[in-house]
Amino acid sequence: MRAATKPPRVTAIYPGSFDPITNGHLDLVERGCCLFDKLIVAILRNETKQPLFSVEERIDMLREVVDGYANVVVDSFAGLLVDYAAENGATVLLRGIRAISDYEYELQMALMNRRLRPEIETAFLMAGEAYSFISSHLIKQVVSLGGDVSGMVPAAVETRLRGRYAARGTP
Ligand code: ADP
């Protein structure tokens with residue numbers, strides 16, 4: 001059994017694609033930053049996915065919306081999440097659960113990460129009830145079809161989404 005010692009300062013990583021950040025993500029950041037001394041919101045640089053926004057654009061949007069939180073920083077990473085966490089002195093991975101559909105994938109990831117680095121714990125927060133139906137994927141679909149997503153993403157993100165789809169000429 002591991003010794004039950006809590007580090008004096010707990011750093012958590014909130015990893016994700018954030019393509020783009022939604023008010024559901026933001027709700028998790030707001031709640032997460034009260035639980036930990038430092039919260040790193042980290043965008044996975046995944047060359048195999050075809051994101052709507054580049055990593056740099058997503059970093060810009062995230063920085064804009066988390067600007068008011070003194071203990072939240074925005075970063076990006078490539079490679080294994082647990083290695084990135086260890087390099088940054090983080091002992092917690094923060095993830096959100098919206099529905100049972102999230103649970104299976106999240107459980108698998110949490111157990112794999114625990115196997116790779118048992119000293120790093122995954123903490124889950126249940127999605128806020130007002131945001132549990134929101135996903136970046138669905139937001140993009142709605143905006144691409146001309147729907148209104150106000151209240152579901154920060155206003156600056158909505159503007160960027162509209163601009164991106166207008167430039168693409170969709171629908
Ligand atoms: P990923 O590609 O890793 O799923 P996402 O950006 O979609 O990245 O999500 C990052 C994390 O935020 C995941 O743990 C996801 O479950 C959580 N999340 C996404 N949307 C919401 C939401 N509306 N409410 C709470 N948590 C959410």
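Which pocket is taken up by the ligand? The ligand's space is the largest pocket, where a pocket is an open set of points on a 1 Å grid over the protein atoms alone, with protein on both sides within 12 Å along at least five of seven lines. This is a predicted model, so to speak: local features need pLDDT of at least 70 and side-chain atom pairs count only at pLDDT 80 or more, while totals for chains, interfaces and linings use all residues. Residues are numbered from 1 along each chain as its sequence is written, and side-chain values use heavy atoms, with hydrogens and water left out.

**Around the ligand**

- There are 17 residues around the ligand, and Tyr14, Ser17, Gly96, Tyr131 and Ile134 come nearest; being around it takes a heavy atom within 4 Å.
- On its own the ligand has 550 Å² of accessible area, and the protein covers 88% of that (Shrake-Rupley method, 1.4 Å probe).
- S1, H1, strand S4 (92-97) and helix H4 (100-116) each give two or more residues to the shell around the ligand; helices are DSSP runs of H or I with at least four residues, and strands are runs of E with at least two, numbered from the N terminus.

**The loop between S1 and H1**

- Phe18 sits in this loop and has a positive phi, near 50°, although Phe18 is a residue other than glycine.
- Phe18 counts as buried because its relative accessibility is 3% (buried is under 20%, exposed over 50%, partly exposed in between, with a 1.4 Å probe and protein chains only).
- Asp19 is in the loop as well, between strand S1 (11-16) and helix H1 (23-35), and is buried at 6% relative accessible area.
- A polar atom of the Asp19 side chain lies 2.9 Å from the backbone nitrogen of Phe53.
- Asp19 also touches residues including Pro51, Arg58 and Lys140, with contact meaning heavy atoms within 4.5 Å.
- Pro20, in the loop too, is joined to Asp19 by a cis peptide bond with omega about 0°.

**Before S1**

- Pro7 lies in the segment before S1 and is partly exposed, with a relative accessible area of 30%.
- The C-alpha atoms of Pro7 and Thr91 are 8.6 Å apart, though 84 residues separate them along the chain.

Conventions. Polar contact = N/O pair within 3.5 Å; in protein donor to acceptor, adjacent residues only side chain to side chain. 1 Å grid on protein atoms, 1.4 Å probe; cavity = no way out; pocket = protein on both sides within 12 Å on 5 of 7 lines; lining within 4 Å. Sits in = over half its atoms within 2 Å of the grid points. Lists of a residue's contacts leave out its neighbours within four places in sequence.
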